[in-house]
Amino acid sequence: MLTLKCPFTGALLDETELNCGGEAHRKRFGPGSSDEDFETYMFTRENPRGVHFELWLHSYGIGKWFIAARDTETMEVYGTYPAQTTEPPQEVIDAINAKHPGWTWREFS
Amino acid sequence: MSEPISALNHASFDGIAKVEECGLQGMITLRGNLKDKVLIKAVKDAAGQKVPGQREALVDGDTGVCWMSPDELLVLVPYTEVEAKLSAMNNVLGGTHALAVNVSDARAVFRVSGASAREVMGKVAPVDFSTDMFQPGQIRRSRLAQVAGAFWMDDDQTFRVVCFRSAADYAFKLLKVAAQPGSEVGVY
Amino acid sequence: MSTRLANHGRLIDRSKKVTFTFNGTSMQGFEGDTLASALLANDQMMVGRSFKYHRPRGVVASGAEEPNALVGLGQGNRFEPNQRATTTELFNGLTSVSQNHWPNLEFDVGAINTHLSRFLPAGFYYKMFIHPKPFWKHVYEPFIRQSAGLGKAPDKDSRDADTYEHFYAFTDVLVIGGGIAGLQAAKAAAASGAKVLLIEQTAHWGGRAPVDGGTVGDEPVDKFVEQLVSELETMDNVTMRNRCMGAGVYDHGYVLGYERLTDHAPGAQGPRHRLWRIRAKQVVTATGAIERPLSFAGNDVPGVILASAVRDYVVNWGVTPGDRVIIATNNDDAYRTAITLKQAGVDVIRVVDARSSAGLLAEEARQLGIRVDPGKAIAKVKGGKRVKKVELCNQDGIGGAREEVDCDAVAMSGGWSPVVHLWSHCGGKLIWDEANAHFRPDPKRPPLGADGDGFVVAAGSANGPLALGDVLTDAHAAGKAAAKAAGHKPKNTKAPSGDATEEAAMEPVWLMPANADIQLRMKSWLDFQNDVKVSDVQLAAREGYESVEHTKRYTTLGMATDQGKLSNINGLAILADALDAEIPKVGTTTFRPPYTPISMGAIGGEARGEVFQPIRRTPMHDWHDKNGADWEPVGHWRRTYAYTRPGESVHDAVNREVKNTRENLGLLDASTLGKLIVKGPDAGKFLDMMYTNMMSTLKVGKCRYGLMCSENGFLIDDGVVARIDDDTWLCHTTTGGAERIHGHMEEWLQTEWWDWKVYVANVTEQYAQIAVVGPNARKVLEKLGGMDVSKEALPFMEWRDGKIGDFDCRAYRVSFSGELSYEIAVAASHGQAFWDALMEAGKEFGVMPYGTECLHILRAEKGFIMIGDETDGTVIPQDLGLNWALSKKKEDYLGKRAHLRSHMADPDRWKLVGLETVDGSVIPDGAYAVGEGVNANGQRNVIGRVTSTYYSANLGKGIAMGLIKHGPDRMGEIVEFPGTDDKTYKAKIVDPIFFDKDGEKQNV
């Protein structure tokens, strides 16, 4: 039962107010893309043990999507930020670096 | 036109707190850039209030403005004035990219009041209702058990609770169970 | 015999007698008794029978760890099985029955199992019931089901008479356990100004300390506890709850507290149980320690009780479980029991101490005249339903040279194990403490919170220290540490100094005598509740069960309601010994919440009866209800399936509605259809991405039917879109789709195209929407007056704002039935009045309301698809012949790329066709079409399935739609649908439009 800080309201939200939307920072491949790219976009997921980036929706609430950087093993939360971005903000990357030097996740490190 | 009827037509219940359906409340959902000067003026004209800050509710009786999200406000006006206010608002907004829409009939509003009102709310929403964490002037959108809702405090012992009209019957029954006699928690 | 003493009993009020029954016999106790203490006061030694061998069982403990004294409590709507007598507070009129026996407690047929126990070793069920295979279903399973389970489930017709609730609580520091450690930790934390919540599972504060004695500062410990409690009660930042158990610790400081409000006063006002859903920044587990039994033969005979429990019964409730008691121990603490008993006037025959020497408490006992035998052990307890004799021997050796001693109770102590459950629930790790032979929390490896730091601190004996002074020091430090970690500044204070008699070291004793022979081991119980003996665990080890988790499942050690609170450490020590491994290497089984079972009522909370689930109601719900609505759940909505008239079957009502709507006039409550406003300079572009067809080109005032696919290509919704003005569209969704499609749009706008200028608002419930359908639809609207609804003024697939009668409305000329049809939206608060007006005006035109089944049949007659019937998450528009709705002009829309994948373009995909039964019958719902040949399992090959199937009253026959392989190329062919009724339904493949193929009726 997680609590995540909503970057829009500043409130600490209970997991029961939220819905998880799966992996964050996916790049869309539409018409014209190769089968491989489309397959990766639609179906391939990281499923890491450790650092992970996930989309969360405050569904029982303001209805906004945000991204949580979370450790799937320890449940540590490194930060949350609005979903309107293609990459994690520097302070979140710094927070992960402090705990997991040398971490990588897809193209991020 | 017929006499408009709210979802539960002023039903009420007395337990460890009083639960009342408030009847019809004029409500306008306004989406847009909350820093936009035109929008700020439209809000001021309609409700006589400034645009509220994050999680702020500036409400006086049946008039006011609530912060719903970074790009959404709930403007409260008397029910009978809502169409006029909405059209005035749309006139002011003009070509501004914004969406103002009447949702008065899509909602039900409850008042939960009394010394144990905070505890009644604490049974249905996963929110800290202690006096230092939740006060008049603040709004929170969260769960009311199994349905979505928004609530703010009119004074230290009175909540206003908004949910979808279709869920009014559930919300009222839920609040009745939460306010049943003998169920004081003794925390707030 | 076990009796009430003339003195002692700090928790009972002898002036207040309480009457209760056990197995129908009326008994008396006092206010403050537990059911267990009252039963013992009435010399009810035997309180149940064991699970497997049906051996007589008596009370063995005094608290939550009790494995034996489980009873059925209450009657009728308040009956509950498996309730622990030791944690049940006595009240007037309590009724209890013992469990696990037939025909009665004293004489039980199942007890034959104890004589068969040689043939029922560990894994018996696994070994026995495998062969022969057919026996499982007809012989073994019925037998096992008959004898499985502990108590009896409540009668199926009874309904829980009580209410329950949840409460969300938030605190800086949560202290679990109101013993002396919890109280002290709470005080130390609260002194920093931190908000503290202190919960205690029993009705009393102070835990064991007042029973065990000692002094704090200059005061007796019970006085110190009293003062501490009153001090905490006056602090504004401290909330204290007794009868509230810490049930489980979860991620991010989430803790469940289980408060039992009226269990001790059934029928009192308010909820029976309250589940506290607590978020704590820091949690202090001051959960104490549990005494371990000793493993000797006959240690399960009623009257063999934990030494600490014996002390509790004497001090707390003035009850002694025997007149002549023998005490067996491997530590000094048990001497407190000897001394307490002696001082209460009970004959302590002797203390059998497995160690060669003992400490000061043993000296004190000797001075009171108690005989102490060092190096001795109990070889065997004799007696069936109660203790009669004990055979003593040397601890070293196999148990020879025995001395028989008469007694009627045995108090045993095998040392103490910290209650590490709550520490462990969320990942806290343990270390093995050699000196005390127990596992205790490893402070370096606590459960981790959201910030990556530990959020649980163990305090007092739950953390290892057992002596009063050490407990206070540890708890004080824990309270301060928790306050600090929660962001507060603890006061620089010292723990009060506690003083109790110093104790000599304990010695681990896992078996008594140390090398007991097999005869003794087969009668030495580890797990009283599940009948697991030393010999069973040893057998499991020999058979290769080396993992403690496997051994648990194989032997049932530590299973069921007590989860091995008494048995786990002893069991794994035996396993370690059998494996010749060290105990910490063998490890413990996983500690899972809840700490003790909590009621289903508490878990459900308020969600029962009328508020079990939200039921969404349209503005006309009450009218439907009063007018014969046969309700159908659609998502959380309730919609009318059909309006039955008195004496009319639902089927007949549907047929009547179907015919009337085609021939006269029908009204449908369509308020549940989703209505989403999409507005902005980029709204057209956005809707072109959302829908497979073009929406940006729709002209103001017009409507267009649209399809929505997921990015994966599958159909997710459909509906009519209306262009309201230059930058505003109104999208109708399916009934179940409003919130889902609103969310779908927001997801794309927020996570992909956040720079597009579009706002969406869900206005579904702002409107009551009524479909006015049938040849007389225009007539009724014209009678009401107002806007022009003629063919010219409001053509098919257009909309207008205006008035109908007195009602402001928006009228859409759309049809899901093939009839002349208007959908009229008015403000929800006028919905009922508008419905009434239509019903009244429609009388002369033969108006009837119709329900969802009629709606389904009318659309099926027209071959219109229904999301959720023709689609199931695997169907694409091409399967349904909807290629016309897939824009070729658009470069992109959700699903376009996916439709290019090879499987999506496969010509073998099942495609939509109409199906007409050869004999007019109705194909069963969900039936599959079978083709030639069989598959690898010998089943007929499947070539399609029915998606919608109805009896059409208009056509007088069964009609259906289905997805059939190569279906559109097989028009006129007959396919077979085997039913579950052993009949095979034959149907001809036809065009899916059964009625008015050219659409003449709707376009008038």
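Visitor: In this predicted model, where is the place of C:Asp531?
Guide: The residue belongs to chain C and sits in a loop. That loop has a strand at either end, E32 (525–527) and E33 (532–533) of chain C. The place asked for is the loop between E32 and E33 of chain C.

Visitor: What is the phi of C:Asp531, and is C:Asp531 buried or exposed?
Guide: Phi of C:Asp531 is positive, near 55°, in a residue other than glycine. A residue counts as buried if 20 or more other C-beta atoms lie within 10 Å of its own. C:Asp531 has 24 other C-beta atoms within 10 Å, so C:Asp531 is buried.

Visitor: Where is C:Met797, and how does C:Met797 count by its C-beta neighbours?
Guide: C:Met797 is in the loop between helix H23 (777–784) and strand E43 (799–804) of chain C. Its phi is positive, about 65°, although C:Met797 is not a glycine. C:Met797 has 17 neighbours inside 10 Å, so its class is partly exposed.

Visitor: Which residue does a cis peptide bond join to C:Pro513?
Guide: C:Pro513 lies in the loop between strand E31 (498–499) and helix H13 (518–521) of chain C. The cis bond has an omega of about -10°. Its other partner is C:Met512.

Visitor: What is omega for the cis peptide bond of C:Pro593 and C:Pro594?
Guide: C:Pro594 is in the loop between helix H17 (583–586) and helix H18 (600–604) of chain C. The cis bond joins C:Pro594 to C:Pro593. Omega there is about -5°.

Visitor: Why is helix H25 of chain C described as largely enclosed?
Guide: H25(C) covers residues 852–861, and its buried residues include C:Cys854, C:Leu855 and C:Leu858. Charged side chains are on the buried list as well, among them C:Glu853, C:Arg859 and C:Glu861. The cover includes helix H20 (650–663) and strands E34 (629–634), E35 (637–643), E36 (665–669), E49 (940–952) and E50 (957–965) of chain C.

Visitor: Which residue with a positive phi follows H25(C)?
Guide: The phi of this residue is near 75°. The residue is C:Gly863.

Visitor: Which residues of strand E6 of chain C point the other way from C:Leu70 and C:Gly72?
Guide: In a regular strand the side chains alternate between the two faces of the sheet. E6(C) spans residues 70–73, and all of them are buried. C:Leu70 and C:Gly72 point one way, and the other way point C:Val71 and C:Leu73.

Visitor: Which residue in strand E8 of chain C stands opposite C:Gly72?
Guide: E6(C) pairs with strand E7 (residues 80–84) of chain C, antiparallel and over 3 bridges, and C:Leu70 stands opposite C:Arg84 there. The hairpin of E6(C) and E7(C) has 6 residues between the strands, and C:Gly74 takes a positive phi near 75° in it. E6(C) also pairs with E8(C) (residues 94–98), in the antiparallel sense over 3 bridges. In E8(C), the residue opposite C:Gly72 is C:Val97.

Visitor: Which element gives the largest share of the side of chain C that touches chain B?
Guide: The contact takes 42 residues from chain C and 41 from chain B. Elements that each supply at least two residues of the chain C side include strand E37 (674–679), strand E44 (807–812) and helix H24 (831–842). The largest share, 6 residues, comes from E9(C).

Methods: Residues numbered from 1 in each chain as written. Chains lettered and ligands numbered in written order. Predicted model: local features only at pLDDT ≥ 70, side-chain atom pairs only at ≥ 80, totals over all residues. Buried ≥ 20, exposed ≤ 12 C-beta atoms within 10 Å, placed from the backbone. Helix = DSSP H or I, 4+ residues; strand = E, 2+ residues; numbered from the N terminus. Contact = placed C-beta atoms within 7 Å. Pairing = 2+ DSSP bridges.
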